[in-house]
There are 2 protein chains.
Amino acid sequence: MKRSAEDLLLGKILKGLPASDDLVLGPGDDCAVVRTNRGLQLLKTDCIAEGVHFLRAHDPARVGWKALCRPLSDIAAMGGEPGQALITIFSPPDLNNQYWVEFYKGIRKAARKFGVCIAGGEMSRQPNGIAVSVALTGTVPGGRFVGRSGGRPGDLLFVTGRLGGSFAGHHLDFSPRLQEGRWLAGTARASAMMDLSDGLGSDLPRLARASGCGFDADLASLPLREGSGTTGALTDGEDYELLFAVSPGQAAGLAAKWKSAFPRTPLTRIGMLNSAGLAPMGWPGGWDHFSVVSPPPARAACGWTAG
Amino acid sequence: MKRSAEDLLLGKILKGLPASDDLVLGPGDDCAVVRTNRGLQLLKTDCIAEGVHFLRAHDPARVGWKALCRPLSDIAAMGGEPGQALITIFSPPDLNNQYWVEFYKGIRKAARKFGVCIAGGEMSRQPNGIAVSVALTGTVPGGRFVGRSGGRPGDLLFVTGRLGGSFAGHHLDFSPRLQEGRWLAGTARASAMMDLSDGLGSDLPRLARASGCGFDADLASLPLREGSGTTGALTDGEDYELLFAVSPGQAAGLAAKWKSAFPRTPLTRIGMLNSAGLAPMGWPGGWDHFSVVSPPPARAACGWTAG
């Protein structure tokens, strides 16, 4: 499978980083996993940039909500529970300070709803544009986390919710699938899981590659968000839904148990991991921030994610 | 004492954040302190922005070194030891990917030297300018950390190293005072401590205010970096030296013990905390990023810190 320019650059950068005995899972998954005497700790950083993930005209409270919910979606994808957050803000001189007061209303709302403690932060000027990064700690109930690499040939692939068209509003208002992630890690014994931030088109190959597998997918089966077609479901990104694999044994009866636990959220079987190590012919990539070609401006202004 | 615009904005933003029983020390100190079964954990985020903390023309490896060493300086100021780091990168489309390969050489060098594990990171495009944030975990040996608030009237004030003129190169090449910080927290029983990032002019009032004290300072005694005058020592910022308070009892014999432990690093007594709650008449502020007046461009381009 072809790797994205982003994945290739990351591979170069991360080569030869000092190792540590405490590091159970390093760069390349949704979260890092670190061993402590208390159990396993999840560590995650994510970010948003003006003109890429949001526009100046967007309600700052919704932008704040998004800033915190993005890394929460990665905690969800490990089957984890969030702990403390650190908020780093880059603020341009043409921005009124009141923007940050409103922004923090969204941060507070998400922190209360999902049980996050805002432990600290940092503010800096930058000459142009707003940018925010959020670092999060988390824990994993029972010491069981789900990474991307545990999938096996024959495992069935599912996605939660609906995909595509997130730029109409979903990318600012989504709720991270924290309860669903814990349920999938615990009750459903998912073998591999990740959140969909760059679009199924690039995220599904990442999960398959991490698991040493190829995959088949039934594009006609994709659950579409209202107004989206199949291409949007593959390449729009910012779905913040969970993609996961389960063994055929665990998949039996999964739909009924899911419906009982989460009656309002669709669960869709979309394909299967295989041993071929290939993506299906003509599989489209999702959003790749670090390819040589720049994104068309219309996309860059519509809330496309960086991964 | 007058609060800076940055401190006033932070006060507004942080009001009413959800509390947590695990949070021993929240926003407002060098690091947050969180209780875990393993002991206390330090959490810190810091950042650098192009045109504020570094220029495009600077060697990217030195910029990477600085990006990691800035939050390490805050871990040092708590008397802590660093653990894992998360690196978040905002990269403009006009930047060659090779920049990040070089940048990570500096990150790796600092990580090896100071025993940091790079656990993960995130990369995003932003339309203009480079920005990087680094989040760090840390531990405190023996469960003893030193915040800003433990100073008492009569405690003597000291600084490590020399101050001022950091933009000639020090701001890119400094070494965080990790060993010194642990020694000051342990052997010297510092009552309050912080790192000097915005300049003594604004940082000393912060330590005094957090301790509920005023202060006297002998400006003639300030240890000056080569090429710097007293004003530079107060307002240049980016010294990454430690400012700390000790009781008169602990201060007796401190100079000799310090000289034996750190023979090549000056230690200078610069003043005393008092009960008046005031700064000395005419005390100059350091760098304030969030005042209404914009910084003169020459300063903004010379590596001035955001706090």
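**View 1. Strands S4 and S5 of chain B run side by side.** Strand S4 (residues 81-91) of chain B pairs with S5(B) in the parallel sense over eight bridges. Here, strands are DSSP runs of E with at least two residues, helices are runs of H or I with at least four, and both are numbered from the N terminus; two strands pair if DSSP finds at least two bridges between them. Look for Thr88(B), whose bridge partner in S5(B) is Glu122(B). Helix H3 (residues 98-114) of chain B packs on the sheet and touches S4 and S5 of chain B. The direction of H3 makes about 170° with that of S4(B), with axes fitted to C-alpha atoms, for helices over the stretch in contact, and angles running from 0 to 180 degrees between N-to-C directions.

A word on the model: it is predicted, so local features need pLDDT of at least 70 and side-chain atom pairs count only at pLDDT 80 or more, while totals for chains, interfaces and linings use all residues. Residues are numbered from 1 along each chain as its sequence is written, and chains are lettered from A and ligands numbered from 1 in the order in which they are written.

**View 2. The whole open sheet of chain B.** Six strands follow the order S1-S2-S3-S6-S4-S5 (chain B), with mixed pairing. Strand S1 (23-25) and strand S5 (117-125) of chain B stand at the edges with a single partner strand each, so one side of each has no neighbour in the sheet. On average, neighbouring strands of this sheet are turned by 25° against each other, direction ignored.

**View 3. Where chain A meets chain B.** In this view, 58 residues of chain A are in contact with 58 residues of chain B; contact asks for C-beta atoms, placed from the backbone, within 7 Å. Among the elements giving two or more residues to the side of chain A that touches chain B are helix H1 (5-14), strand S2 (32-36) and strand S6 (131-139) of chain A. S5(A) provides the largest share of that side, nine residues.

View 4. The same surface serves both copies, as 100% of the contact residues of chain A recur in chain B.

How values were computed
Contact = placed C-beta atoms within 7 Å.
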